[in-house]
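Opening the notebook on a new chain. I want the overall build, then the packing inside.

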Amino acid sequence: MTPTDHSSDKDAYPITERSRVRRGHRRADYATGTVHAVLDAAPLCHVGYVIDGEPYVTPTIHWREGERIYWHGSAASRFLRQAEGQRVCLTVSHMDGYVLARSAFNHSVNYRSAMVFGIARVVEEPDAIADALRRFTDGLFPGRWETLRPMTTQELKATSVLYLDIEEASVKARAEPPSDGDEAAHPVWAGVLPIRSTFAAPEPAPELGGDIAFPAGLSALLASGRLR
């Protein structure tokens, strides 16, 4: 499979019965840029399948190229083997803060979540799998692929790469203070406790040689405050 340009020429995804946000619809957004931003800000997603009439949700690392989202896993996974051609739902969520109000009822959270729908496809050719994994690795850590030991044939056989082309998608988000300003007279602290996901200090492998420096690219990633 040769990589192609999967960029979007539309400003928003269609609002369908499947993707429409029903509760708190004022928090909904269907703009492609908003959906992409939520997907791209997190390395971890959850993919929902139905196999033999039973629901399953599996966590995995994903990456996006235009309107195409990739994820990977073990070739031995029965979820991945049976996902080919199946309709799946892929979600990404960010927890941005606890919202503390004057009553338990009005407590909430600030968050961003994206839900996308499409048909799962499996990348079949070993060269295409390797190329997808190269783009994935360098997308997270630019230039790292060329510094690594090359993948073996057995490692490629043991790895599955899947993708979906986004058909429908929506974002739901909250970024607000408590909603009970009319109860400000009640004598209790109210506000937001922000939550941030960031890198901590690197922890070298125990057997790492003392002459191997921490890569400048990784230093830049840690300094950026981004997760990817």
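Predicted model: local features only at pLDDT ≥ 70, side-chain atom pairs only at ≥ 80, totals over all residues.

What share of the contacts with a separation of 6 or more comes from residues 24 or more positions apart? I get 71% for the protein chain, with contact taken as heavy atoms within 4.5 Å.

Residues are numbered from 1 along each chain as its sequence is written, and side-chain values use heavy atoms, with hydrogens and water left out.

Secondary structure next: I find five helices and 10 strands, taken as DSSP runs (H or I, at least four residues; E, at least two) numbered from the N terminus. The C-alpha trace spans about 65 × 50 × 35 Å along its principal axes.

I looked up burial (under 20% relative accessible area, 1.4 Å probe, protein chains only). Of the 228 residues, 33% are buried.

Then helix 1, residues 32-41: T32, V35, H36, V38 and L39 are buried there. Those residues line one face of the helix, because they fall within an arc of 165° seen down its axis; the arc uses directions from the helix axis to the C-beta atoms. They pack against several strands, including strand 3 (54-65) and strand 5 (87-100).

Last, nonpolar cores, meaning sets of buried Ala, Val, Leu, Ile, Met, Phe, Trp, Tyr and Cys joined through side-chain atoms within 4.5 Å. The largest has 24 residues, and L39 and W71 are among those with the most contacts inside it. Strand 2 gives this core its largest share, four residues. Another core of 13 residues lies apart from it, Y70 and L140 among them.

Conventions: Buried < 20%, exposed > 50% of the residue type's maximum accessible area, 1.4 Å probe, protein only.
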